[in-house]
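Open the model in a viewer and keep the sequence panel beside it. The stops below are meant to be selected in order.

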Amino acid sequence: MDDEAPDEASEELRTRHIGGWGVAQIAAGTGLAVYAMWVGILQPGFRRVPLKLQVPYTPASKAQVGNVMTLLRGRKGGLVDLGSGDGRIVLEAHLQSFAPSVGYELNPWLVRLARFHAWRAGHHEKVSYRREDLWKVDLTKCKNVTVFLAPSVLLLLQQKLQAELPDDALVVAGRFPFPDWTPCRIEGHGVDRAWAYSMQAQRQHIFKRNDKLTVTDSNNEVTKEKESI
């Protein structure tokens, strides 16, 4: 008789009408699970980070990773992924012969997740994931940089990249482009689109733009002097 009890209980659960209160209990349980994941996995990386610099974790899709790698085709040397999340860009870069491939991520749980993915793929000794603030990373020797960050962060990151990267560096942005930069190549469509930026070309654009502003200011000064005579 006791052996039949589990089967009877299972049948009762399958046929029982849940009702409004049951639905509310399920919803509450689901909400608690989501909140627990936020507190345990995602929130630690947001602590002590200004609101405008917070970037919600959204894994790159297979198409996004493919578009980034297409833009990097023909490049050599190491690769740095700023805000590397679960590490899939770094891992794929290693598979495409970029060495060393390094990811910088502030969230400790995502760093652990990235290292687990690399271990499971059998490449944990070939790639590096570091828990560091991307604003403190020295980029002066980096030739290949990838970013999957929010527009508000990209706007500020432009200044750091312009100040530190060498002229022969290539920056590839996924999901969102740099607000003030002109890409040299674009790959993909919609949310899977990626943009490539040559630092040498970018600095030339900035130089020309500043030169035009200087000429305009000079002309304005000459006009003011003529009017005052």
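**The whole chain**

Start with the cartoon view, and keep in mind that this is a predicted model. The secondary structure amounts to seven helices and seven strands. Followed along the sequence, these elements come in the pattern α-α-α-β-α-β-α-β-β-α-β-β-β-α. Colour the chain by relative accessibility next: of the 229 residues, 34% are buried. If contacts are drawn between residues with a separation of 6 or more, 62% of them join residues 24 or more positions apart.

**Helix α3**

Select residues 62-71, which make up helix α3. Seven of its ten residues are buried, so the helix is largely enclosed by the rest of the structure. Show side chains for the buried set: Gln-64, Val-65, Asn-67, Val-68, Met-69, Thr-70 and Leu-71. Which elements cover the buried residues of α3? The cover includes helix α4 (88-95) and the strands β4, β5, β6 and β7.

**The aromatic residues**

Now display the rings of the aromatic residues; the whole structure holds four aromatic pairs. One of them is formed by Trp-181 and Tyr-197, in an edge-to-face arrangement with 5.5 Å from centre to centre and 65 degrees between the planes. This pair links distant parts of the chain, with Trp-181 in the loop between β5 and β6 (185-187) and Tyr-197 in strand β7 (residues 194-198), 16 residues apart.

Another ring to select is that of Trp-109. The charged end of Arg-112 sits over this ring, 5.0 Å from its centre.

**Gln-202**

With a relative accessibility of 2%, Gln-202 is buried. What does the side chain of Gln-202 reach? It comes to 3.2 Å from the backbone nitrogen of Thr-182. Leaving aside residues up to four places away in sequence, Gln-202 touches Asp-180, Trp-181 and Thr-182.

**The salt bridges**

Side chains of opposite charge can pair when their charged atoms come close. With a cut-off of 4 Å between a side-chain nitrogen of Lys or Arg and a carboxyl oxygen of Asp or Glu, the count is four salt bridges. Three of these are worth a separate look.

Select Arg-203 and Asp-167. They form a salt bridge, and their closest N and O atoms are 2.6 Å apart. Arg-203 belongs to helix α7 (residues 199-228) and Asp-167 to the loop between α6 and β5, so this pair ties together parts that are 36 residues apart in sequence. Both residues are partly exposed, Arg-203 with a relative accessible area of 23% and Asp-167 with 41%.

Move to Asp-168 and Lys-143. Here the closest N and O atoms of the salt bridge are 3.1 Å apart. Lys-143 is in the loop between β3 (127-130) and β4 (144-147), and Asp-168 is in the loop between α6 (151-164) and β5 (170-174), so the bridge ties together parts 25 residues apart in sequence. Lys-143 is partly exposed at 33%, as is Asp-168 at 42%.

Then select Asp-86 and Arg-88, whose side chains meet in a salt bridge at 2.5 Å, N to O. Asp-86 is buried, with a relative accessibility of 4%, whereas Arg-88 is partly exposed at 35%.

**The cysteines**

How many disulfides does a search of the whole structure find? The search returns zero. Of the two cysteines selected here, Cys-142 is buried, with a relative accessible area of 11%, while Cys-184 is partly exposed at 43%.

Conventions. Residues are numbered from 1 along each chain as its sequence is written. This is a predicted model: local features need pLDDT of at least 70, side-chain atom pairs count only at pLDDT 80 or more; totals for chains, interfaces and linings use all residues. Side-chain values use heavy atoms; hydrogens and water are left out. Buried means under 20% relative accessible area, exposed over 50%, partly exposed in between (1.4 Å probe, protein chains only). Helices (H or I, at least four residues) and strands (E, at least two) are DSSP runs, numbered from the N terminus. A disulfide is a pair of cysteine sulfur atoms within 2.5 Å. Rings of Phe, Tyr and Trp (its six-membered ring) pair if their centres lie within 6.5 Å; planes under 30 degrees apart count as stacked, over 60 as edge-to-face and the rest as tilted. A charge sits over a ring if NZ of Lys or CZ of Arg is within 6 Å of the ring centre and within 35 degrees of the ring normal. A polar contact is a pair of N or O atoms within 3.5 Å; within protein, one must be able to donate a hydrogen and the other to accept it, and residues adjacent in sequence count only if both atoms are side-chain atoms. Contact means heavy atoms within 4.5 Å.
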